[in-house]
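Look over the sequence and the model first, then take the points below topic by topic.

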Amino acid sequence: MKFVSTMLVVSNIDKAVDFYKNVLGLEIVADFGANKTLTGGVALQTLSSYKDFIEKRDINFGGNNFELYFEEDNFDDFIDRLKELDINYIHNVKEHSWGQRVIRFYDLDENVIEVGENMISVCKRFIDAGMTVEQVAKRMDVPFDYVKQCIGDYFE
């Protein structure tokens, strides 16, 4: 068995596709009408078709009980781009204790979206600030070898 994708039930599939394209840069890889599979392992399913699948049980949006997590290589550029869009923020950019900057917001159906700074970028940001590999590992609470792997040939 293998995990294939995360499927989100959406109230308006066309608007949801536009959101995921415009905000997160995802693209449609398969279009089955009531189901659209996007890059990144995200699938969208219409509310009406999903209700048929589960025999008309109630569908609840906005439970704040899971999130879709993305990492962005160009975090600052992404944040600047978000400012131009109509986004329902959960919180603005914040830095977690391990140094990764993140932002959380809702999609159109109040699913939580988290976009974090790529962890390699976090390591490089700390190295660029003058920290040693050992200091970065301690600051991020990760193994020394993880930091070495992240920065790779960064100094060559």
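## Overview

Of the 156 residues in the chain, 39% are buried. The model is predicted. Six helices and eight strands make up the secondary structure of the chain. Read from the N terminus, the elements follow the order β-α-β-β-β-α-β-α-β-β-β-α-α-α.

**Overall dimensions and contacts**

- Along the principal axes, the C-alpha atoms of the chain fill a box of roughly 55 × 40 × 25 Å.
- Take the contacts in the chain with a separation of 6 or more: 52% of them come from residues 24 or more positions apart.

**The four-stranded sheet**

- Four strands form an open sheet in the order S1-S4-S3-S2, and the pairing is mixed.
- Its edge strands are S1 and S2 (28-31), each of which pairs on one side only.
- From one strand to the next, the twist averages 25°.
- S2 and S3 (residues 35-38) pair in the antiparallel sense, over three bridges.
- Within this pair, Ala30 stands opposite Thr37 in S3.
- Helix H1 (residues 13-24) packs on the sheet. H1 touches S1, S2, S3 and strand S4 (42-46). The direction of H1 makes about 160° with that of S4.

- Is strand S8 buried or exposed? Six of the six residues of S8 are buried, so the strand is largely enclosed by the rest of the structure. Buried here means under 20% relative accessible area.
- Strand S5 (residues 67-72) pairs with S8 in the parallel sense, over six bridges.
- The bridge partner of Phe70 in S8 is Val115.
- S7 pairs with S8 in the antiparallel sense, over five bridges.
- Phe105 stands opposite Ile113 in S8.
- S7 and S8 also form a hairpin, with five residues between them.

**Two residues with positive phi**

- Most residues other than glycine have a negative phi.
- Glu110 has a positive phi, near 65°, and is a residue other than glycine. Glu110 sits in the loop between strand S7 (101-106) and strand S8 (112-117). That places Glu110 in the turn of the hairpin.
- Glu110 counts as partly exposed because its relative accessibility is 38%, between the 20% and 50% cut-offs.
- Asp141 is not a glycine either, yet its phi is positive, at about 55°. The loop between helix H5 (133-140) and helix H6 (144-151) holds Asp141.
- Asp141 counts as exposed because its relative accessible area is 71%, and exposed means over 50%.

**The largest pocket**

- What is the volume of the largest pocket? The volume is about 230 Å³.
- The lining of the largest pocket consists of 15 residues. Those nearest the centre of the pocket are Val9, Asn60, Phe61, Phe66 and Asn111.
- Which strand gives the most to the lining of the largest pocket? Strand S1 (residues 6-10) does, with three residues.
- By type, the lining residues divide into eight nonpolar, six polar and one charged.

Conventions
Residues numbered from 1 in each chain as written. Predicted model: local features only at pLDDT ≥ 70, side-chain atom pairs only at ≥ 80, totals over all residues. Heavy atoms only, no water. 1 Å grid on protein atoms, 1.4 Å probe; cavity = no way out; pocket = protein on both sides within 12 Å on 5 of 7 lines; lining within 4 Å. Points joined across faces, edges and corners; volume = space filled by probe spheres on them. Nonpolar A, V, L, I, M, F, W, Y, C, P; charged D, E, K, R; others polar. Buried < 20%, exposed > 50% of the residue type's maximum accessible area, 1.4 Å probe, protein only. Pairing = 2+ DSSP bridges. Axes fitted to C-alpha atoms, helices over the stretch in contact; angles between N-to-C directions. Contact = heavy atoms within 4.5 Å.
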